[in-house]
2 protein chains.
Amino acid sequence: MANSVDPLTEKHNKIMKRRKAFMDHKIQKATGSKGLLLVNTGDGKGKSSSAFGMVVRALGHDMKVAVVQFIKGAMETGEERFFNRFPDDIIFKAMGEGFTWDTQDRARDIEICEVAWSQAKSFLQDDSIDLVVLDELNVALSYQYLAFDVIRKDIETRCEGQHVIVTGRGAPEELIEMADTVTEMTLVKHAFDKGIQAQAGIEL
Amino acid sequence: MANSVDPLTEKHNKIMKRRKAFMDHKIQKATGSKGLLLVNTGDGKGKSSSAFGMVVRALGHDMKVAVVQFIKGAMETGEERFFNRFPDDIIFKAMGEGFTWDTQDRARDIEICEVAWSQAKSFLQDDSIDLVVLDELNVALSYQYLAFDVIRKDIETRCEGQHVIVTGRGAPEELIEMADTVTEMTLVKHAFDKGIQAQAGIEL
């Protein structure tokens with residue numbers, strides 16, 4: 001009975017075969033190639049972390065990366081400390097000054113965002129950079145610290161083939177329309193709500 | 001009129017003040033400290049990337065990290081290539097052999113997952129390791145390649161203070177119940193569906 005297959009295995013093999021055919025077809029069809037605009041938004045965790053994970057992937061492919069942080073950045077994060085070890089591969093610009101509810105000054109926030117955007121724009125026009133991460137830009141956009149039309153134009157006219165990742169909750173609808181890939185991170189549950197403080201190395 | 005404030009700024013300041021009070025209160029209340037179990041699930045992108053972003057953060061805090069990949073891993077990814085530059089800080093074990101619809105062999109998949117789990121278990125019992133990433137474990141669990149009760153016991157009895165991140169679509173309900181923080185990544189749209197092929201350095 002060497003060839004007998006149990007029903008669970010048989011069912012599984014059928015499903016996998018169908019899925020493989022579907023994926024092969026999709027992969028065959030997907031032949032376009034271009035610089036992507038990716039957006040990570042939503043109230044859940046992982047929007048910035050996911051972007052930094054993609055930075056790691058890009059660095060593993062010997063790509064050159066630039067990061068502009070729009071809102072966070074008053075305190076040096078673990079990511080910044082780590083990436084600063086590779087100044088030839090990644091430029092990390094923390095332009096924000098803490099969360100807006102800590103600064104309590106709209107005029108100053110706008111000024112900081114505008115300086116951060118000039119920095120971002122110079123990366124978008126630098127063809128030695130393969131991936132630009134605009135961390136927490138969505139927050140700056142949703143507070144109207146920056147005019148969306150300016151941002152759109154600068155992203156649309158960026159260097160050919162350059163990838164851009166935009167993170168932050170509250171991505172404006174127009175940005176979602178522009179984007180190639182959009183992921184929404186949804187909070188299912190959070191340790192913080194159970195009274196567990198943010199853990200260094202994991203959440204800070 | 002140096003002190004006059006426009007209505008938009010005034011409204012914004014009020015909202016920010018209220019938000020700051022709320023956050024301060026929450027931070028004050030959250031004093032617990034423990035090793036966290038984090039789960040990234042859902043059909044969207046960024047589940048593994050987000051975990052790798054947290055790895056970067058942990059490395060920036062001089063933590064020691066171990067990664068076990070359960071399903072992917074037939075081809076060396078950018079992440080693996082990059083993290084392999086730091087063998088003293090991170091141990092990266094790619095145990096899977098490609099997606100299951102490529103292998104088409106349930107018995108072999110189970111065997112591979114069991115070997116991967118022994119590896120994972122040894123990390124969970126190693127108190128020199130601060131963070132263990134169990135990448136795509138959810139997929140192995142949802143196909144019942146591994147028994148959930150075994151996994152639960154080994155995670156629950158891991159070293160004190162050790163953080164664990166589990167990724168992959170289809171996280172079982174019991175794992176979500178066990179977890180401290182759960183994020184669901186939802187696909188809003190994907191370049192692949194527009195016929196753009198996966199881009200090396202961004203998606204591979």
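A:Phe52, A:Phe82, A:Phe83, A:Phe86, A:Phe92, B:Phe52, B:Phe82, B:Phe83, B:Phe86 and B:Phe92 make up one aromatic cluster. Keep in mind that this is a predicted model, where local features need pLDDT of at least 70, side-chain atom pairs count only at pLDDT 80 or more, and totals for chains, interfaces and linings use all residues. Residues are numbered from 1 along each chain as its sequence is written, chains are lettered from A and ligands numbered from 1 in the order in which they are written, and side-chain values use heavy atoms, with hydrogens and water left out.

**Exercise 1.** Work out why the pair A:Phe52 and A:Phe92 is stacked.

*Solution.* 
- Start with the rule: rings of Phe, Tyr and Trp (its six-membered ring) pair if their centres lie within 6.5 Å; planes under 30 degrees apart count as stacked, over 60 as edge-to-face and the rest as tilted.
- Now the numbers: the centres sit 6.0 Å apart and the planes meet at 25°, so this pair is stacked.

**Exercise 2.** Decide whether B:Phe83 and B:Phe92 are buried or exposed.

*Solution.* 
- Buried means under 20% relative accessible area, exposed over 50%, partly exposed in between (1.4 Å probe, protein chains only).
- B:Phe83 has 0%, so it's buried.
- B:Phe92 has 9%, so B:Phe92 is buried too.
- These two rings also form a stacked pair, 6.3 Å centre to centre with 25° between the planes.
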